[in-house]
Amino acid sequence: MAEERICMSPSALVGRPDEPTATGPARDRVYEWLRDEIIRGTLEGGMFLDEQWVSRTMGVSRTPVREALHRLAAEKFVTLNPRKGAQVRMVTARELEEVYQARLLIEGNAINTTCARNGSAAEDMANFLEPMEQAGRERDWFTVAHLDREFHLTLVRAAGNSVLTELYDSLRSRQQRLAVRMLHVGPQRLDTINAQHRALVAALGKCDAAESLRILQEHLQPVPEVVVLLPAQ
């Protein structure tokens, strides 16, 4: 993909939300806005982020912009190039596979733990099903990804392991970005995803660990026809 440097006005971005209105420290506002635009795909992989443009857009000095970009680099959203600036990283097939592997380990442990205790997160997880499916019908991939992440996080929290929950939470932004990207390139998968979510809730409601794990493994299996559309690494 050809390298691009963003030097445009905010109104030139198609599909971006309204003007940033979040309050709080400038570096956090800049970070959250850039992160969400990268997750949405408005700021595409390969684009270069011009500090002056971000500064004007957010109405802040360049110092909090630099701080936000360093945080995004630490979370693997951008790559900092000494002479070119910050470049949005591409979503790759390898990253997808590795994030799925990490999720399977943590969510699988949560299934075994909660079922062994005869406890279940099924009822709380079920609360996300209809809103998630409605967002899908509206093709609001950002909201679908956010609710999907909360759906699975509810399972992890139910296991009661604060360390694993913290580790899982660290995947949050990358998990959402991958989900949005997957839905952009494979929207036909949405019916399958919704069915897997409902099957997982049903199996957890019965404390059926084996069936829940089977569904989870199927759910977190990279789909070849989608993977082939992503850069290898």
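## Helices, strands and a predicted model

Helices here are DSSP runs of H or I with at least four residues, strands are runs of E with at least two, and both are numbered from the N terminus. Keep in mind as you look around that this is a predicted model.

Let's start with α1, which covers residues 26-40, and α3, which covers residues 62-74: their axes come within 8 Å and cross at roughly 50°.

Who does the touching? On the α1 side you'll find Ala26, Arg27, Asp28, Val30, Tyr31, Leu34 and Arg35, while α3 brings Pro64, Val65, Glu67, Ala68, Leu69, Arg71 and Leu72. Sort the residues of this contact by class and you get nine nonpolar and five charged ones, with no polar residues.

## A hairpin and a neighbouring strand

Now over to the strands. β3 (residues 78-81) and β4 (residues 85-88) are paired antiparallel through four bridges. With three residues between them, β3 and β4 make a hairpin. You can trace the pairing yourself: Val78 sits opposite Val88 of β4, and Leu80 faces Ala86 of β4.

β4 has another partner too. Strand β2, residues 47-49, runs antiparallel to β4 and is joined to it by two bridges. Which residue of β4 is the bridge partner of Leu49? That's Ala86, so Ala86 turns up both here and opposite Leu80, given that strands pair when DSSP finds at least two bridges between them. While you're looking at the strands, here's a handy rule: in a regular strand, side chains alternate between the two faces of the sheet.

## Two loop residues with a positive phi

Most residues other than glycine have a negative phi. Asn118 isn't a glycine, but its phi is positive, about 60°. You'll spot Asn118 in the loop between α4 (93-116) and α5 (122-126). Is Asn118 buried or exposed? Its relative accessibility is 66%, so Asn118 counts as exposed, the cut-off being over 50%.

Arg139 is also a non-glycine residue with a positive phi, in this case about 55°. Look for Arg139 in the loop between α6 (129-137) and α7 (141-158). Arg139 counts as exposed because its relative accessibility is 53%.

Notes
Residues are numbered from 1 along each chain as its sequence is written. This is a predicted model: local features need pLDDT of at least 70, side-chain atom pairs count only at pLDDT 80 or more; totals for chains, interfaces and linings use all residues. Side-chain values use heavy atoms; hydrogens and water are left out. Axes are lines fitted to C-alpha atoms, for helices over the stretch in contact, and angles run from 0 to 180 degrees between N-to-C directions. Contact means heavy atoms within 4.5 Å. Ala, Val, Leu, Ile, Met, Phe, Trp, Tyr, Cys and Pro count as nonpolar, Asp, Glu, Lys and Arg as charged, and the others, Gly among them, as polar. Buried means under 20% relative accessible area, exposed over 50%, partly exposed in between (1.4 Å probe, protein chains only).
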